[in-house]
Amino acid sequence: MDDNSDAGKPIFIVGTPRSGTTLTAKILGRHSRLFMPGETHFFEDIWARRKDLGSKFDQSCRLKILERLKTLYARYNEPDDQALVEALLGNTQLCNNIIKRWNSYKDVFSTFMEMQMLHEGQKRWGNNTPKDIFYVQTIIEFFPQAKILVCVRDVRDFLLSYQGKWRATAPEEVERLKKLYHPLITSLLWKSSVNLLPGIKNIVAQENLHIIRYEDLVTEPENTMREVCVKIGEEFEQEMLDVGTYGSAYGDKGKGIFATSVGRWKTQLSKEETWIAQKICRTEMDYLGYEMAQTKKNYLRVLGLYTSAPIALFRGLYANRHKRGPFIPYLARRLMLFR
């Protein structure tokens with residue numbers, strides 16, 4: 001594929017989870033030219049395993065990658081996209097035509113996305129995977145003209161949403177997601193993602209990078225998306241804002257774009273959780289322009305949350321063992337970012 005074509009300028013939506021990445025993808029997915037599937041997790045699930053899968057791109061390597069690619073969406077609870085991929089890769093002739101073009105992991109990802117895009121009759125594809133914020137350097141090496149959209153959100157509302165995100169998932173994912181939340185660990189996750197922003201600004205050309213504040217997206221969606229469309233080089237279409245129903249971390253089914261979740265932390269997040277988030281993320285909150293709040297915490301409860309953090313970290317890593325890439329690189333990518 002010619003890198004000067006639209007497909008050579010894909011759109012990547014990254015950021016902390018629960019920060020508007022899915023909503024942004026749903027809005028862009030309603031554009032008449034764009035193909036935006038569910039989360040692929042290609043970089044963490046396949047590219048990060050390249051030592052095991054191989055890099056010579058002989059037949060053995062290609063078949064190993066193909067087997068993992070065939071079930072990629074299924075591992076991340078994207079049943080509609082999984083059904084499409086199974087149908088497309090179930091076509092032996094199409095499958096053979098695709099894998100013989102693979103000489104690099106960029107080829108793998110490009111052909112995988114283009115295959116789906118062409119089937120849907122679209123002109124340009126995008127990828128929505130929040131944790132790809134840890135792979136922006138690789139994304140730019142693959143696609144130098146890619147548009148990078150980074151979603152950010154107040155860490156306190158992020159904590160509250162992360163705490164309840166099990167309410168917006170498939171039943172088989174509920175217990176795993178409940179094990180992932182801890183105010184200290186989750187604050188560090190937010191901090192590690194936001195700490196990447198200065199580096200991203202250094203490696204992504206200004207004309208290809210855009211920061212989307214969740215609060216702006218849901219309170220002023222048209223203005224926000226008009227700015228996004230200018231950045232990605234597409235015409236704004238009013239129909240883009242007619243998003244359907246999607247899961248809410250607050251136990252209801254959100255229809256359309258709503259702003260009721262903005263500032264909800266003020267009444268639903270405990271004072272101790274708020275204090276920990278602000279203590280850990282003060283520098284990053286200042287960087288993004290979020291104001292600190294005065295809190296009267298209970299020191300014993302704060303102590304209890306700090307002492308329970310190591311166990312919570314182990315519990316979360318174990319619960320996520322089938323979702324992440326190799327353990328050491330996974331942990332290093334996150335811990336090395338704290339400063």
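Q: Why are W47 and Y135 called buried?
A: A residue counts as buried when its relative accessible area is under 20%, as exposed when it is over 50%, and as partly exposed in between (1.4 Å probe, protein chains only). W47 and Y135 both belong to the buried class. The model is predicted, so local features require pLDDT of at least 70 and side-chain atom pairs pLDDT 80 or more, whereas totals for chains, interfaces and linings use all residues. Residues are numbered from 1 along each chain as its sequence is written, and side-chain values use heavy atoms, without hydrogens and water.

Q: How many aromatic pairs does the structure hold, and what makes W47 and Y135 such a pair?
A: The structure holds 17 aromatic pairs. Rings of Phe, Tyr and Trp (its six-membered ring) pair if their centres lie within 6.5 Å; planes under 30 degrees apart are stacked, over 60 edge-to-face, and the rest tilted. For W47 and Y135 the centres are 6.1 Å apart and the planes stand at 85°; the distance is within the limit and the angle is over 60, so the pair is edge-to-face.

Q: Which parts of the chain does the pair of W47 and Y135 tie together?
A: W47 is in the loop between helix 2 (42–45) and helix 3 (50–53), and Y135 is in the loop between strand 3 (124–128) and helix 9 (136–142), so parts 88 residues apart in sequence are tied together. Helices (H or I, at least four residues) and strands (E, at least two) are DSSP runs, numbered from the N terminus.

Q: Why is the pair of F57 and Y105 called edge-to-face?
A: The ring centres of F57 and Y105 are 5.1 Å apart and the planes lie at 70°, which places the pair in the edge-to-face class. F57 lies in the loop between helix 3 and helix 4 (59–70), Y105 in helix 8 (residues 105–119), 48 residues apart. F57 and Y105 are both buried.

Q: How do we know that the charged end of R50 sits over the ring of W47?
A: The rule asks for NZ of Lys or CZ of Arg within 6 Å of the ring centre and within 35 degrees of the ring normal. The charged end of R50 is 3.6 Å from the ring centre of W47 and sits over that ring. R153 is likewise placed over the ring of Y214, at 3.9 Å from its centre.

Q: Why is R75 called buried, and what polar contacts does its side chain make?
A: R75, in helix 5 (residues 72–75), has a relative accessible area of 18%, under the limit, and is therefore buried. A polar contact is a pair of N or O atoms within 3.5 Å; within protein, one must be able to donate a hydrogen and the other to accept it, and residues adjacent in sequence count only if both atoms are side-chain atoms. The side chain of R75 contacts the side chain of D45 at 2.7 Å and that of T71 at 2.5 Å.

Q: Why is T307 called exposed?
A: T307, in helix 18 (residues 299–307), has a relative accessible area of 53%, which is over the limit, and is therefore exposed. Its side chain reaches the backbone oxygen of G304 at 3.1 Å.

Q: Why is R18 called partly exposed, whereas H41 is called buried?
A: The relative accessible area of R18 is 25%, so R18 falls in between the two limits. For H41 the value is 6%, so H41 is buried.
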